[in-house]
Amino acid sequence: MPEADQKSPGPALPADDVVVAALRLGDEEMFAALLSAWSPGMLQVARAYVADDHAAEDVVQEAWLGVLRGIDRFEARSSLRTWIYRIVINKAKTRGVRDARTVPMTSLTPEKNDAGLSIDFHGPESPYPDARRRPPVVWPSPEGEILAHEVHEHIVQALDNLPARQRVVITLRDVQGYTSDEVCAILEITAANQRVLLHRARASLRSALDRYMTAPSGKEPTR
Amino acid sequence: MSAMGCDEFVEQVTAYLDGALDTVNVNRFTGHIADCDGCEVYLRQIRVTIAELGRLPGPGLADRTTATLLAAFRDRSANETPSEGSQDVRGAGFPGPLSGSS
Ligand SMILES: [Zn+2]
């Protein structure tokens with residue numbers, strides 16, 4: 001089932017069968033509308049697997065060319081958007097593996113940051129396993145354009161530090177606003193697995209924002 | 001039913017926000033917020049984090065890439081013969097990077 005695209009500017013896209021028929025008939029306006037609606041999310045997803053923005057752009061271009069080659073054979077067993085995201089992820093993984101052979105890329109280490117969430121708590125062997133080492137402190141509300149911009153920079157940096165699978169899930173769910181069902185379909189994972197990845201990613205992002213928001217006078221804390 | 005501790009609360013935040021907790025656990029979850037300022041703050045921060053992620057400006061394709069893809073699309077449409085016979089020969093004269101096989 002096609003879903004409303006929460007973040008796409010401009011008018012919503014028509015149903016999949018209409019879009020697919022238009023593409024097969026050479027409706028260039030429809031193709032241009034898809035390019036602007038879905039490419040931003042595709043670029044962000046590709047970026048989880050490859051070294052830089054340039055490589056992500058290459059991957060997305062390749063993916064769209066793959067879509068053009070394959071659209072006549074598209075059988076609607078998934079939504080069009082799910083099908084296209086699977087193509088971009090496959091191409092991004094291939095590119096990421098190829099580049100990793102020549103470029104040292106720590107960001108592809110799969111187990112990075114995959115440690116889970118217990119860092120905010122004392123371990124189970126502690127007499128107070130339930131007590132936080134440091135209770136959460138209320139964040140000041142960011143004021144003005146500059147602060148919002150800084151927050152965004154910190155978020156982008158924190159996304160860069162996530163393992164690829166966590167990054168893809170949080171990008172699709174929270175940046176692009178796709179449903180849990182669609183993300184499970186795109187990545188072909190279970191709802192439980194998807195939730196674990198999202199949970200870890202959100203916890204990491206919250207910690208990163210917390211370090212920024214509670215740092216004295218805009219400086220990073222030394223801890 | 002046992003009360004929820006802070007560690008369990010943190011573990012269940014995403015399930016709670018996704019509406020994936022059963023009624024008993026929703027009640028334990030919201031019951032914990034009522035008693036624990038720290039977790040109330042934590043939940044609010046998670047919501048702010050999600051909201052800020054949703055406000056990230058999205059990257060667009062470079063103009064050059066868009067032009068390449070539109071040219072490829074025109075090329076494809078020109079090379080295939082649609083069954084309807086409504087072949088559209090727009091874009092002749094557009095020197096797209098991928099044009100040429102006509
Ligand atoms: Zn608590």
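**Notebook: salt bridges and the zinc site**

I began with A:Arg173, which is buried, because its relative accessible area is 12% and the cut-off for buried is under 20%. The model I am reading is a predicted one.

Entry 1, partner of A:Arg173. I looked for what the side chain meets and found B:Asp18, in a salt bridge of 2.7 Å, N to O. The pair crosses between chains: B:Asp18 sits in the loop between helix 1 and helix 2 of chain B, and A:Arg173 sits in helix 6 (residues 164–175) of chain A.

I found both A:Arg202 and A:Asp174 buried.

I searched the whole structure and got 17 salt bridges over all chains. One of them joins A:Arg77 to A:Glu75, with the closest N and O atoms 2.5 Å apart. Both of these residues, A:Arg77 and A:Glu75, are exposed. I also wrote down a network of salt bridges that links A:Arg47, A:Asp53, A:Asp160 and A:Arg167.

Entry 4, the annotated span. I checked the UniProt record, an unreviewed entry, and it places "domain: RNA polymerase sigma factor 70 region 4 type" on residues 155–205 of chain A. I computed 80% helix and 0% strand for that span, and its end C-alpha atoms lie 7 Å apart.

Which atoms coordinate the zinc ion? I listed SG of B:Cys6, NE2 of B:His32, SG of B:Cys36 and SG of B:Cys39, at 2.0 to 2.4 Å. The angles among the four donor atoms run from 101 to 113°, and I recorded the site as tetrahedral. Along the chain, the donors follow the spacing C-x25-H-x3-C-x2-C. B:Cys6 lies in helix 1 (residues 6–17) of chain B and B:His32 in helix 2 (residues 23–35) of chain B, so this pair ties together parts that are 26 residues apart in sequence. Are B:Cys6 and B:His32 buried or exposed? I found B:Cys6 buried, and B:His32 buried as well.

Methods
Residues are numbered from 1 along each chain as its sequence is written. Chains are lettered from A and ligands numbered from 1 in the order in which they are written. Side-chain values use heavy atoms; hydrogens and water are left out. Donors are N, O and S atoms within 2.8 Å of the metal (3.2 Å for Na, K and Ca); water is not among the atoms, so sites may look incomplete. Four donors count as tetrahedral if all angles lie between 85 and 135 degrees; four count as square planar and six as octahedral if opposite donors are over 155 degrees apart and all others between 65 and 115; anything else is irregular. Helices (H or I, at least four residues) and strands (E, at least two) are DSSP runs, numbered from the N terminus. Buried means under 20% relative accessible area, exposed over 50%, partly exposed in between (1.4 Å probe, protein chains only). UniProt positions are given in the numbering used here, feature names are shortened, and annotations may be inferred rather than shown by experiment. A salt bridge is a side-chain nitrogen of Lys or Arg within 4 Å of a carboxyl oxygen of Asp or Glu.
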